[in-house]
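Subject: Structure handover

Hello,

The sequence and the structure are below. Notes on what was found in them follow.

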Amino acid sequence: MEDTFVFQWSVIRSLLSILQWWAFNVTVIIVNKWIFQKLDFKFPLSVSCVHFICSTIGGYVVIKVLKLKPLITVDPDDRWRRIFPMSFVFCINIVLGNVSLRYIPVSFMQTIKSFTPATTVVLQWLVWRKHFDWRIWASLIPIVGGILLTSVTELSFNMFGFCAALFGCLATSTKTILAESLLHGYKFDSINTVYYMAPFATMILALPAMLLEGNGVLEWLNTHPYPWSALIIIFSSGVLAFCLNFSIFYVIHSTTAVTFNVAGNLKVAVAVLVSWLIFRNPISYLNSVGCAVTLVGCTFYGYVRHRLSQQPSVPGTPRTPRTPKTPRSKMELLPLVNDKLEDKV
């Protein structure tokens, strides 16, 4: 009886963790799109900078003031040799995600971000000379096919937004791969990742945001009919982006890697549906089919990697590299707004 109760509570806790993760993730995406489209605040660098500032403050409060998470100590030299390069790629990743969201619908952006597994495998193969089992390559076929079908049939296609999303995938893949070498020896969770990387990301992005968007932001403040209420929404998106890290941390420790992978892909479907209900961007039948094929392909890719990671290695045969790490470890290195593989957040 007691075992049954423990099992039921474990299932309930996993379900609750997934639901709150979905809620925070989808809300952050929708609020960001609302800022760009409804508030007419067309400054993705500034939005990203607000997210980094809120995350910097939030990370300090959680770890130093409230002491809800223990601080993982990092050597001062490692902060510049290891954390700073990671923060630079991390900053590019977040900025490109917001830039793509500025120009293309949520549904298209989320589908393109699902291309991350393919870019990760290809990067490792081309640059790091990693070799993969043929089943890994086969599992990428539906992902690539779904992305192509979605791109060709997208009714609101924008080349700049498409390229930003695609390069965002490359940035996510690069960050995931570099994490194994640069962060070797440090077992970061999502909160400590934010604590160390968000200040560097703020420092990196603050000056470009002021130079490129400063005048536009001032003009927007002077012309917008309700600037203060709009600013509250903008800064609220930053607070929600930081809260997303707690939801990621909770779901990682409450679910298995397989459940996490499936839930991550279903989350994309939820984000696409909610965004369509709110913004009513046109989606053709073939476009929705392409999105569905991509998500099924991502789920299949995660399943194949999990099965291969469970197989014992045979002497004399090359093992499938464990980079990128399992979705559980990968998401711990994807704080702030994107989620999905994270990515991207």
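This is a predicted model: local features need pLDDT of at least 70, side-chain atom pairs count only at pLDDT 80 or more; totals for chains, interfaces and linings use all residues.

Asn98 is buried, with a relative accessible area of 2% (buried means under 20% relative accessible area, exposed over 50%, and partly exposed in between, with a 1.4 Å probe and protein chains only). Asn98 sits in helix α3; helices (H or I, at least four residues) and strands (E, at least two) are DSSP runs, numbered from the N terminus.

Residues are numbered from 1 along each chain as its sequence is written, and side-chain values use heavy atoms, with hydrogens and water left out.

The chain overall

The chain has 12 helices and zero strands. Of its 345 residues, 52% are buried.

Ala171 belongs to helix α7 and is buried, at a relative accessible area of 9%. Not counting residues up to four places away in sequence, Ala171 touches Val89, Ile92, Asn93 and Leu96, where contact means heavy atoms within 4.5 Å. Between the C-alpha atoms of Ala171 and Phe88 there are 10.0 Å, and along the chain these two are 83 residues apart.

Ser275 is part of helix α10, residues 257-279. Its relative accessibility is 1%, so Ser275 counts as buried. Leaving aside neighbours within four places in sequence, the contacts of Ser275 are Ile30, Val106, Ser107, Arg280 and Asn281.

Why is α5 described as largely enclosed by the rest of the structure? Because eight of its 11 residues are buried. These are Thr116, Pro117, Ala118, Thr119, Thr120, Val121, Leu123 and Gln124. The buried residues of α5 pack against α4, α6, α7 and α11.

Helix α6 covers residues 134-153, which makes 20 residues. From first C-alpha to last, α6 reaches 30 Å, close to the 28 Å expected at 1.5 Å a residue; the expected span is 1.5 Å times one less than the number of residues. At the start of α6, a side-chain oxygen of Asp133 comes to within 2.8 Å of the backbone nitrogen of Arg135. The buried residues of α6 include Ile136, Leu140, Ile143 and Ile147. An α-helix has 3.6 residues a turn, so residues three or four places apart point the same way. The partners against which the buried residues of α6 pack are α4 (106-113), α5 (116-126), α7 (159-182) and α11 (285-310).

The 22 residues of α2 should span 32 Å at 1.5 Å a residue, and the end C-alpha atoms are 30 Å apart, which agrees.

Most residues other than glycine have a negative phi, and most peptide bonds are trans. Asp40, in the loop between α1 (2-37) and α2, has a positive phi near 60° without being a glycine. Asp40 is partly exposed, with a relative accessible area of 42%. Just after α2, Lys67 takes a positive phi of about 55°, and Lys67 is not a glycine either. Lys67 lies in the loop between α2 and α3 (76-103). With a relative accessible area of 62%, Lys67 is exposed.

The second largest pocket

A pocket is defined on a 1 Å grid over the protein atoms alone, as an open set of points where a 1.4 Å probe fits, with protein on both sides within 12 Å along at least five of seven lines; lining residues have an atom within 4 Å of a point. How much space lies in the second largest pocket? About 290 Å³, where the volume is the space filled by probe spheres set on the points, and points are joined across faces, edges and corners.

The elements giving two or more residues to the lining of this pocket are α2 (44-65), α8 (190-223) and α9 (227-252). Of these, α8 gives the most, with six residues. The lining has 15 residues in total, and Phe41, Ser46, Val50, Val217 and Phe235 lie nearest the centre of the pocket. By type, the lining divides into 13 nonpolar, two polar and no charged residues (Ala, Val, Leu, Ile, Met, Phe, Trp, Tyr, Cys and Pro count as nonpolar, Asp, Glu, Lys and Arg as charged, and the others, Gly among them, as polar).

Regards

Key: A polar contact is a pair of N or O atoms within 3.5 Å; within protein, one must be able to donate a hydrogen and the other to accept it, and residues adjacent in sequence count only if both atoms are side-chain atoms.
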